[in-house]
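Please find below a short note for a student who is new to reading protein structures. The sequence and the structure come first, and the numbered points follow.

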Amino acid sequence: MLPSQALLPAVVFALTALQALASDTFIAAVYEHAVILPEPTEEPVSPEDALALMNKNMDVLEEAIKEAAQKGAHIIVTPEDGIYGWRFTRESIYPYLEDIPDPVVNWVPCTDPSRFGAAPVQERLSCMARNNSIYVVANIGDKKPCDSSDPKCPGDGRYQYNTDVVFDPQGKLVARYHKYNLFRSETQFNYPKEPEAVTFETPFGKFGIFTCFDILFYEPAVVLVSKMQVDTLLFLTAWMNVLPFLTAVEFHSAWAMGMRVNLLSANTHNTSMAMTGDGLFTPQGPVSYHYDSATEEGRLLLAELSTHPRLSPTYPPAINWSLYATSIKKFPGENDTFSGAVRKDMFTFTELRHKAGNYTVCQGDLCCHLVYQMSNKRKDEVYVLGAFDGLHGSLIKYHWQICTLLKCLSTNLSTCGQPVETAQTKFEMFSLSGTFGTSYVFPEVLYSGVQLAPGEFEVLRDGRLKSKHGTSKPLITATLFGRLYKKDLPHPLRTSP
């Protein structure tokens, strides 16, 4: 006798789980979504109008989810702001919010939609997961009432949270995460009282989840890896690309390599705000990524990843990021230095004046060392070695240590540090290292056209970032990006939950 229609999702899920348990790999998907945005308004729209907009975005997401499931994906991650966009005040976002319960309630919104009040968005996401037998990860807004007994209760009597949710292939809510590190423009949301380290188990590994700006801080991003020992991190983001170090694909890939973990990064797509770039990143580098600043189209990526990367024979060893650099004296060579701004951070630079050389440049406690050989020394392109050791940020200040081999915008040294997307110079070799005061260092290599360099560089156990066989494409930057979390200043805005 064939199973009834009601039992089919459970049967399919059970078979999928058995297949995943028998494998050392799983298929993951991320979707870069060109979000349909609301009209800017300071006044709240009706709940019906809010839901109509969200359904338009969920129509697009549902097609991506169906396609991913048909291609065998076990899990799909969709981006931050992917269902309602941005352009909100605290008041105008309210119609878009739902009450999202703690997953311990064991709830399947698809089959019991009114258990916690009206929840049409959660119901639809749950049904997408259930009907396609796939884990669905999405970003929505949570609302929680409070009263005068809570001294930190906002004046409107509610907390509002930027929230990630995960539904399993049966449609059950299995994870809820409230974003802890809000970006400066997210005034419509509150900070959680404490950072949340949210994890959940699947037949294909242990997962953690966090959102966008969180990736630059110790909690919860590093905690999930170092203390919770997750296998894979789900990263929902609305990332605005900032050259030369903080384009989505380069930094997210570098973070996965530096933390030695899988990172499933799903970005929103909006070229007017420089939002693009998502990917499936591993400890060994990118498996699949996408960067498109020319069109307004979304993109689905799929790839097969290791279920437990730490158990893989190719899992990279731990790196002592300062071992090589602290063992040598300053290299000989021309050490004339000058200051240059990367955005508002004042770097110490030295120009690479020859086709090959050994250079050192220092700032604060950081000395950066470079050995290099260009394929040819062009007169119309200038490269520098740069160091930065200090606090970054205008309001929220956090400590960076950066060593970088960097192409300048023009031959005028005052342009060094300004955004550059194209280059013509290739390198026969480079080796970059630094006297880092942290074990959290993220290696980046970015080629002309904002392209990554998978398999073309390596990090030695003594902390040297080296090209393997030269660069196959012209180089924009090779960077070691370090974070000294212990030197971050107290957060000035986290005064209310």
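1. Basis of the note. This is a predicted model, in which local features need pLDDT of at least 70, side-chain atom pairs count only at pLDDT 80 or more, and totals for chains, interfaces and linings use all residues. Residues are numbered from 1 along each chain as its sequence is written, and side-chain values use heavy atoms, with hydrogens and water left out.

2. Disulfides. A disulfide is a covalent bond between the sulfur atoms of two cysteines; here the term is applied to a pair of cysteine sulfur atoms within 2.5 Å. The structure holds five of them. With bonded cysteines counted along the chain, they follow the pattern 1-2, 3-4, 5-6, 7-8, 9-10.

3. Cys110 and Cys127. The sulfur atoms of this disulfide are 2.1 Å apart. Cys110 lies in the loop between β2 (75-77) and α3 (120-132), and Cys127 in helix α3, so the bond ties together parts that are 17 residues apart in sequence. Helices (H or I, at least four residues) and strands (E, at least two) are DSSP runs, numbered from the N terminus. The torsion about the S-S bond of Cys110 and Cys127 is about 100 degrees, so this disulfide is right-handed.

4. Cys408 and Cys416. A disulfide also joins these two residues, with an S to S distance of 2.0 Å. Both Cys408 and Cys416 are buried (buried means under 20% relative accessible area, exposed over 50%, partly exposed in between, with a 1.4 Å probe and protein chains only).

5. Aromatic pairs. The structure holds 34 aromatic pairs. Rings of Phe, Tyr and Trp (its six-membered ring) pair if their centres lie within 6.5 Å; planes under 30 degrees apart count as stacked, over 60 as edge-to-face and the rest as tilted. The rings of Trp239 and Phe251 have centres 6.2 Å apart and planes at 15 degrees, so this pair is stacked. Trp239 and Phe251 are both buried, and they belong to one aromatic cluster that also includes Phe235 and Trp255.

6. An open sheet. Five strands form an open sheet with antiparallel pairing, in the order β15-β16-β19-β23-β22. Two strands pair if DSSP finds at least two bridges between them. The edge strands, β15 (356-363) and β22 (457-459), each pair on one side only. Strands β16 (residues 366-374) and β19 (residues 427-434) pair over seven bridges, and the bridge partner of His369 in β19 is Ser433.
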